[in-house]
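These are my notes from going through one structure.

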Amino acid sequence: MTSDRRVVVIGGGLAGLRCAARLTAGGAAAVTVLGEEPHAPYNRVLLAEILAGRYAPEVIALPEPGPALRRGVRAVRVDRAERAVHCDDGAVLGYDTLVLATGSNPVLPPLRGLFEPDGRELPEGVHAFRTMDDCLALSAAVRPGLRAVVIGGGLLGVSAARALAARGAQVVLAQQAERLMERQLDAAASALLGAHLTALGIEIHTECRVRGLTKAAAPRPGAGTRVTGVELADGYRLDAELVVLACGVRPRTGLARAAGLEVRSGIVVDDRLRTSDPRIHAIGDCAEHDGRVYGLAGAALEQADALAAALTGTGGPHGTYSGTRALTRLTLTPGDGAGDGAGGFPAGGAPLDLAAFGEPTPLPGDDVIRLADATRRTYRQVVVRGDRLVGGVLLGELSTVGALARSWEDGEALTDFSHLLTDDGGS
């Protein structure tokens, strides 16, 4: 790739900025990044720490690619025939190579009363939890003693509930499935996670389907309505001054679909991260590779690195992408003072570290090792196939979780894996 080759990256998140940084290093290309949000680029993974009051927004900032980034500019159309991107500010950017790193949107469930009758605005007090604006709005609204309901008990919902509780809110977590984080955790691990959240003062309802919202006129003239509660399918009502929608995310594929690119769940890409148009690539949460949309930071970064290597011709075998050994990590830290008293749980205490990876469900012939200690709040189950660690669910001490996760990510052979399950296994 020559330095005068024009590369446009749509998306200023982890994937887009990582790819841009790799391409601009050494002047490999003339890169322009379009970032829809007006904020400085940030690590979305750490938004819950902002909401919990543990970090200031600037702490999670990502390195900016200098003048290559155009903040607050949204791409509205891709003209493949002209090889141009049309923006909402009237700009038209020509490209030789286009990278779609458009990320994902929060899923808004079909709840009765979710939107105002005359539009698509959410009632006052109802928030998604996906962007910095979402996080700042929630931070401004939360206060000690406030009644909050989080809808969705996956990774995002658990993180949001813990953060609100740390700010002193009275939190109810409503999960439609039979257990928390059902995609990552087995029943025993989920129960331990639930006990930890309950100790933080969070009220948990599983197998609980939310049917709609109750509302009242907002106190400010012309402000529409404000949420007053959540209606469940069994007729029960939960009072709520704040509702957080944490029902998952969906790849942002609108630009690609309108441009005529192949789209299934995400934008379909091959092993060189090319779409059905070889001049257009997709990476991160919007991309679907080999039938899978990862939606994880690790995969986004690996895809960005592989694409940059492919475009610059410097990668050799690293210029292809064969998939990511996806790992889900979460550390739940008890209140550090902000939630003391009003939130119903004490400040301080040990964190609960969680990791889920690979194939936690064994096949015939697999070895399964399980250790649980309710007193010490630890649970470890790993699946070993031959001499390879193929999956596991781990809660408890940080170093053990890290050692096992690294063994799996590296794909290393294990001649003796039993020591990894002990309390000092990662030390």
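Entry 1, loops. In which loop is Asp290 found? I am working with a predicted model. I located Asp290 in the loop between β20 (287-289) and α7. I looked up its backbone and got a positive phi of about 55°, although Asp290 is not a glycine. Is Asp290 buried or exposed? With a relative accessible area of 70%, Asp290 is exposed, because the cut-off for exposed is over 50%.

I then checked Leu273, which is not a glycine and has a positive phi of about 60°. Leu273 is found in the loop between β18 (267-269) and β19 (280-282). Its relative accessibility is 1%, so Leu273 counts as buried; the limit for that is under 20%.

I counted 16 residues in α7, with 23 Å from the first C-alpha to the last. That is close to the 22 Å expected at 1.5 Å a residue. The buried residues of α7 include Ala299, Ala300, Gln303, Leu307, Leu311 and Thr312. What covers the buried residues of α7? I found α1 (14-24), β7 (97-100), β19 and β20 among the covering elements. After α7 comes Gly313, with a positive phi near 70°.

I looked up the largest nonpolar core and found 50 residues in it. Those with the most contacts inside this core are Ile10, Leu34, Val85, Leu98, Leu100 and Ile283. Helix α7 (residues 297-312) supplies the largest share of the core, 7 residues. Another core lies apart from it and has 45 residues, including Ala148, Ala161, Ala166 and Ala189. I note that nonpolar side chains tend to be buried together in soluble globular proteins.

I listed the contacts of Ile10, leaving out residues up to four places away in sequence. Among the residues Ile10 touches are Leu34, Ala75, Val78, Val85, Leu98, Leu100 and Leu255.

I traced an open sheet of 5 strands in the order β9-β16-β10-β11-β12, with parallel pairing. Which strands are at its edges? They are β9 (126-128) and β12 (203-205), and each pairs on one side only. From one strand to the next, the twist averages 20°. Inside the sheet, 5 bridges join β10 (residues 147-151) to β11 (residues 170-174). Helix α3 (residues 132-141) lies across β9 and β16 (242-245), and runs at about 145° to β9.

I found an open sheet of 3 strands, ordered β13-β14-β15, with antiparallel pairing. Why is one side of β13 (210-217) left without a neighbour in the sheet? β13 stands at an edge, as does β15 (237-239), and each has a single partner strand, so one side of each lacks a neighbour in the sheet. The twist here averages 35° from one strand to the next. Between β13 and β14 (residues 225-232) I found 7 bridges. Ala217 stands opposite Thr225 in β14.

Last, I looked at β23 (residues 367-373) and β24 (residues 378-385), which pair in the antiparallel sense over 7 bridges. The bridge partner of Ile369 in β24 is Val382.

Note on methods. Residues are numbered from 1 along each chain as its sequence is written. This is a predicted model: local features need pLDDT of at least 70, side-chain atom pairs count only at pLDDT 80 or more; totals for chains, interfaces and linings use all residues. Side-chain values use heavy atoms; hydrogens and water are left out. Two strands pair if DSSP finds at least two bridges between them. Helices (H or I, at least four residues) and strands (E, at least two) are DSSP runs, numbered from the N terminus. Axes are lines fitted to C-alpha atoms, for helices over the stretch in contact, and angles run from 0 to 180 degrees between N-to-C directions. Contact means heavy atoms within 4.5 Å. A nonpolar core is a set of buried Ala, Val, Leu, Ile, Met, Phe, Trp, Tyr and Cys residues joined through side-chain atoms within 4.5 Å. Buried means under 20% relative accessible area, exposed over 50%, partly exposed in between (1.4 Å probe, protein chains only). The expected span of a helix is 1.5 Å times one less than its number of residues.
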